[in-house]
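Welcome! Take a moment to look at the chain from one end to the other, and then let us walk through it together.

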Amino acid sequence: PVAPKQLVLVHLSAPWCGPSRKVAPVLERLALDFAGRVKVVKVNVDSSPELAQRYRATSIPMLLFLCDSQLVDTVVGAHDAAA
């Protein structure tokens with residue numbers, strides 16, 4: 001049998017960033033809605049600068065979409081739930 005793909009959404013943020021706080025409730029809802037299918041992880045760029053540097057996060061919030069540990073897409077900035 002083929003193993004299911006591991007989908008991960010990484011939210012690069014910081015507590016002082018207003019737009020990061022704005023998207024947090026949307027991402028929390030997505031984590032609940034897609035529990036078991038998508039792992040949603042919040043990363044504070046101030047605490048993990050090496051991760052922010054690895055993904056060239058010059059602006060936050062930044063969302064990283066990973067499939068089997070491979071980056072497949074990024075979204076920078078705060079967007080509404082529909083986006």
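Where is Arg 56 found? Arg 56 sits in the loop between α2 and β3.

## Before we start

This is a predicted model, in which local features need pLDDT of at least 70 and side-chain atom pairs count only at pLDDT 80 or more, while totals for chains, interfaces and linings use all residues. Residues are numbered from 1 along each chain as its sequence is written, and side-chain values use heavy atoms, with hydrogens and water left out.

Helices (H or I, at least four residues) and strands (E, at least two) are DSSP runs, numbered from the N terminus. Two strands pair if DSSP finds at least two bridges between them.

## The sheet

Strands of a sheet pair through backbone hydrogen bonds, either parallel or antiparallel. Here, an open sheet of four strands has the order β2-β1-β3-β4, with mixed pairing. β2 and β4 (70-76) are the edge strands, each pairing on one side only.

Follow β1 (residues 7-13). Seven bridges tie β1 to β2 (residues 38-44), and these two run parallel; His 11, for example, has Lys 42 in β2 as its bridge partner. Between β1 and β2 the chain passes through helix α1 (residues 18-33), making a right-handed β-α-β crossover (with the strands pointing away from the viewer, the path from the first strand over the helix to the second runs clockwise). β1 also has six bridges to β3 (residues 62-67), which runs antiparallel to β1. β3 and β4 are antiparallel too, over six bridges, and Phe 65 has Asp 73 as its bridge partner in β4.

In soluble globular proteins, nonpolar side chains tend to be buried together. Six of the seven residues of β1 are buried (buried means under 20% relative accessible area, exposed over 50%, partly exposed in between, with a 1.4 Å probe and protein chains only).

Most residues other than glycine have a negative phi, and most peptide bonds are trans. Arg 56 has a positive phi of about 55° although it is not a glycine, and Arg 56 is exposed, at 67% relative accessible area. Asp 68, in the loop between β3 and β4, has a positive phi of about 50° and is partly exposed, at 38%.

What joins Ile 60 and Pro 61? A cis peptide bond does, with omega about 5°. Pro 61 lies in the loop between α2 (49-54) and β3.
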